[in-house]
Amino acid sequence: MKDISCKLLVIGAGPGGYVCAIRAGQLGIDTVIVEAGKPGGTCLNIGCIPSKALIHAAEEYEKIAHWAEHQSPLGIATAKPVLDFAKTVAWKDGIVGRLNGGVSGLLKKAHVKVVQGWAKFRDGKTVEVETETGLQVIRAENVVIATGSAPVMLPTLPFGGPVISSAEALSLSEVPDRLVVVGGGYIGLELGTAFAKLGAKVTVVEAQARILPQYDTELTQPVAKRLRQLGVEVLTGAAAAGLDQVNSALVIKTSESKEARLPADKILVTVGRRPVTDGWGLDQLVLDMDGRFIRIDDKCRTSMRGIYAIGDVTGEPMLAHRAMAQGEMVAEIVAGHPRSWDKRTIPAVCFTDPEIVAVGIGPDEAREKGVETKVGIFPFSANGRAMTKLGEQGFVRVVARADNHLVLGVQAVGQGISEMAAAFSLAIEMGARLEDIAGTIHAHPTQGEGFQEAALKALGHGLHI
Ligand code: FAD
Ligand code: NAD
């Protein structure tokens, strides 16, 4: 097979890699991307997209099931719904398939050459790929490592049999009767909530003292309350210790060092993700590492000239939109544009029920940094639109500097609040002050008014509270 030479080679077509390749192609850079699996990476195939499809289907099912059992204040009566889970999964797979095609189409439109197979470095400028038709050697002036991440496996609970990762959880053929989730973080709670709504008896085992330890308690309380309503049992301060194969149960150790057994049909382990740094010839390179991650600077350059790294392989936060932003930036740097990482914030959204959005810093972090703040909180129980949607749980919280009112952070918890992440991020990115948000006309009736009201409250003159 003839060797390929190019200006830019991207390894991995996840959100980081494919965005980098598309932007590079748009800029006229001769670009090749290598992908072992399907275009879109973890996010599109076994992450963000299929999980949100399942979460939505579960929400719809639970809503109808709830009104079948309880009298609806909306005056709607319905029979108990029937779930055809195979159809649900097929619908989810259809969305993934359409998006796979979409990414391939965008790469083609940008004149990016796609090589299918597993890439391995021979040296810093040469990569070989085992393709279906033989070994393909690719020489490149610049290489972007975008190999992503994989689920962390617990040594006491290796994947296999009833012990599954998020990838298998997203392609189950039926809803398990009893699901034990190890890890009450992002994936555990997003998927745990979905399966509880679909009818599974869900137990969450979390090693820390509370669920979603990355968010403050004020934000996670409404989620914990809803989990109780859904009948999800949450065991905090408890760690997975092993599998009792005879009784098909998870063995856990509580904080008091007591052992307990949790019978389960499936045990979903979601205790974090690790960077994919094995199997592609890291040992052929001399890259500085940052713990398990590849160390990068503010231009995503590694310690080797001409080698960049982006996305999950470079560290936290392991989020698709961070990977995409890095990918876009690196393409422009390779094209000679003067770019560096100048983002003020990377929004975080947890698609639990209710959803959580966190942008910038919260009151606790501001206190730790010694910054004097003004904080305004507006509850959705005082928001007309939230009432009309039975979505009165939750609030918007704005954190600003006390001296000049510069907005440092916005956090919110509430039904469908993920869609407000854009407004919160924009405010911080544009350097908004409390007065800017308070002075912006927010359409009525919308949940977005909660943002304006939180700013007004921080200024000391909330109108609707
Ligand atoms: P990846 O998406 O992991 O892509 C890496 C790609 O590289 C893969 O396709 C892999 O096959 C390929 N590859 C690796 N090595 C090689 C090689 N040597 N040769 C060829 N190809 C190779 N993030 C969000 O922002 N929002 C969410 O809602 C969200 N939900 C998630 C839900 C779940 C269940 C999971 C697991 C993750 C979720 N994430 C979410 C995280 C998100 O998926 C990742 O942050 C994102 O995919 C990282 O993108 P990436 O490009 O760095 O790597
Ligand atoms: P996570 O870091 O969010 O949560 C892992 C949880 O497992 C933590 O709360 C931790 O205390 C707990 N834990 C660790 N070891 C344990 C043990 N032995 N027993 C019990 N609990 C234990 O990790 P995740 O849920 O696997 O998600 C991985 C990453 O994927 C996230 O950090 C995030 O970057 C990304 N993700 C993002 C989204 C989103 O943006 N909505 C959704 C899913 C995943």
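Q: So what surrounds ligand 2?
A: There are 25 residues around ligand 2 (a heavy atom within 4 Å), and the closest are Ile187, Glu190, Glu206, Met318 and Val349. Keep in mind that this is a predicted model, where local features need pLDDT of at least 70, side-chain atom pairs count only at pLDDT 80 or more, and totals for chains, interfaces and linings use all residues. Residues are numbered from 1 along each chain, chains are lettered from A and ligands numbered from 1 in the order written, and side-chain values use heavy atoms, without hydrogens and water.

Q: How much of ligand 2 does the protein bury?
A: It buries 82% of the 840 Å² that ligand 2 exposes when taken alone (Shrake-Rupley, 1.4 Å probe).

Q: And which element gives the most to the shell?
A: That's α6, with four residues.

Q: Switching topic: is Arg226 buried or exposed?
A: Arg226 counts as buried because its relative accessibility is 18%, and buried means under 20% (1.4 Å probe, protein chains only).

Q: What does the Arg226 side chain pair with?
A: The side chain of Asp353, through a polar contact of 2.7 Å (N or O atoms within 3.5 Å, one able to donate a hydrogen and the other to accept it).

Technical notes. Helix = DSSP H or I, 4+ residues; strand = E, 2+ residues; numbered from the N terminus. Buried < 20%, exposed > 50% of the residue type's maximum accessible area, 1.4 Å probe, protein only.
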